[in-house]
Amino acid sequence: MKEINLRTAVVGTGISVPVLGGGRKRYINFDNAASTPPLKVVWNALEKFKDYYSSVHRGTGYKSVVSTRAYDDAHLNALKFVGADSSYLASILVKNTTDAVNKLARRIEFQRDDIVLSSIMEHHSNDLPWRKAVRTEHIEITDSGHLDLDDYRQKLLKYSGKIKLVAVSGASNVTGLIPPLNEMAVMAHQAGALFLVDAAQLAPHRKIKIGKPGEPESFDFLVFSGHKMYAPFGTGVLIGPKEIFYHGDPDSVGGGTVNYVTLDEIQWAHLPDKEEPGSPNVPGAVALSAAIEFFNQVGFSKIAEHERELTKYALEKFSKFDGIKLYGPDHWIKGEDRVGAISFNIDGVYHALTAAILSYEGAIAVRNGCFCAHPYIQRLLSMSEEDAIRHRDEINRGIRSNVPGMVRISFGIYNTKSEIDRFFQIIEKIITGRYKGKYQMDSRLGEVLPDNFRFPSNPAF
Ligand SMILES: Cc1ncc(COP(=O)(O)O)c(C=O)c1O
């Protein structure tokens, strides 16, 4: 079989965009932890599918049957992708990871004293839905930004008998750190808790094995998003024991969720239909299947190896500069894996200014701010409680020119070392003050914009 070229596998890598001072530069996307571009195979699958797109489950036409099959297959493919036993686990297609966690937080039947144990490291999407549903406690982090396993152990003991669920990130969207998930699952199960992995950042980068039902190191729930795995068409996945969803009413009801309704009685449909109200996102499901098929073909060892190399390379380059603070480990730790998300600040340069110069002068897309992980960022920045309150009050007064944060680069399968070299050329300019533009802070938006740069009236094309 012909080897797949990771660089050319995604759409849009050849695009150049206007930069400050005139001209254009080849665009570099180092914001893959937020969303990845589509794979070509995903785009092609949708291109082919469009002629067959039709109503699912209720239609009898040929196209309806094709669409229904494609939609149903996506559920099976999602299960196979993580080695899930389909007799025990259901896959429910939702919008994204956030939607999946919210749904689960509404569907688990919590008792009054139940506790969910989440962590300081979490993205808000794996924290706030739990807080809304039930008492939520947080596993601490260590000074290096890792989950603190001693604290985890202590909290499991402290709240013994009350912890219904442990919900942690498969990989951090800030530092790329991967907690020891199987070890943590064993500990959760020993404590009588269920174990959820938020795989939004893990699924596109590493092979995930959900494990067999009843195995202590297995995961009970997995959630992930298509748009972070090169299938950006609005589909996410929630995988969990069918039994959880057999109980009770669906969290959202209506068409498609029922087998039978009279004015006096409702009989819910089988899974996954019971949990997927309304007309589903069939193209999103087709896109997800095509991405999964790609990952199966390429294999995660190739993807992980490529991304590890980029991450090691970038960490080494960072270490050559004085005046850059990296958050989380500042070097590759032998024997410890991490995905390619690196967060940093340049001494004396506001994070939004660094991000703006990278974008407007280097055509390099990064992310800056708090990455929807405020508690983790506050800890990594060593912010005091008073600092946090002062910033909160400023934000409430509409002043966003001093919001704490970092700059993050995050790699995808298609990024290259030469892109990293170009990134560091701009970083050097920022450190030495040799960048071209004059930048102004819009304090209401918290954005830094250059003077004399106008987006074309139709900037996309
Ligand atoms: C670790 C993690 N969890 C959850 C989410 C939320 O994902 P989505 O926006 O696709 O719902 C993200 C998004 O960045 C994330 O990084």
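Keep in mind throughout that this is a predicted model. Begin by selecting strands β13, β14, β17 and β16, which in that order make up an open sheet of 4 strands with antiparallel pairing. The strands β13 (324-327) and β16 (367-369) stand at its edges, and each has a single partner strand, so one side of each is left without a neighbour in the sheet. If you look from one strand to the next, the twist averages 30°.

Stay in this sheet and select β14 (residues 341-346) together with β17 (residues 406-410), which run antiparallel and are joined by 4 bridges. To find one of the facing positions, show Ala341 and look across to Ser410 in β17, which stands opposite. Strands of a sheet pair through backbone hydrogen bonds, either parallel or antiparallel.

Phe371 has a positive phi of about 50° although it is not a glycine, and it is buried, with 22 other C-beta atoms within 10 Å. As background for this stop, most residues other than glycine have a negative phi, and most peptide bonds are trans.

Next, colour the two domains, which the domain assignment gives as domain 1 (7-38 + 299-450) and domain 2 (52-297). Their C-alpha centres lie 29 Å apart, and the contact between them takes 29 residues from domain 1 and 30 residues from domain 2. On the side of domain 1 that touches domain 2, α9 (300-319), β14 and α11 (374-380) each supply at least two residues, with the largest share, 5 residues, coming from α11. The residues on this side of domain 1 divide into 19 nonpolar, 5 polar and 5 charged.

Now select helix α6 (residues 181-190). Which residues of α6 are buried? They are Leu181, Met184, Ala185 and Ala188, and because they cover an arc of only 105° around the axis, they lie on the same side of α6. An α-helix has 3.6 residues a turn, so residues three or four places apart point the same way. The buried residues of α6 pack against α5 (149-158), β7 (163-169) and β8 (194-198). Just after the helix, Gly192 takes a positive phi of about 80°.

Move on to α5, where the buried residues are Tyr152, Lys155 and Leu156. Seen down the axis of α5, these residues fall within an arc of 100°, so they line one face of the helix. Their cover includes β5 (115-119), β6 (135-139), β7 and α6. Turn the view to the face of α5 directed away from this buried side, and you will see the exposed residues Asp150, Leu157 and Lys158.

In the loop between β9 (221-225) and β10 (236-241), Tyr230 has a positive phi of about 70° although it is not a glycine, and with 29 C-beta neighbours inside 10 Å it counts as buried.

Finish with β18 (residues 439-442) and β19 (residues 447-450), which pair in the antiparallel sense over 4 bridges. Tyr439 has Pro450 in β19 as its bridge partner. The two strands, β18 and β19, form a hairpin with 4 residues between them, and Gly446 in the turn has a positive phi of about 75°.

Methods
Residues numbered from 1 in each chain as written. Predicted model: local features only at pLDDT ≥ 70, side-chain atom pairs only at ≥ 80, totals over all residues. Buried ≥ 20, exposed ≤ 12 C-beta atoms within 10 Å, placed from the backbone. Arc of directions from axis to C-beta. Contact = placed C-beta atoms within 7 Å. Pairing = 2+ DSSP bridges. Axes fitted to C-alpha atoms, helices over the stretch in contact; angles between N-to-C directions. Domains from an automatic or database assignment. Nonpolar A, V, L, I, M, F, W, Y, C, P; charged D, E, K, R; others polar.
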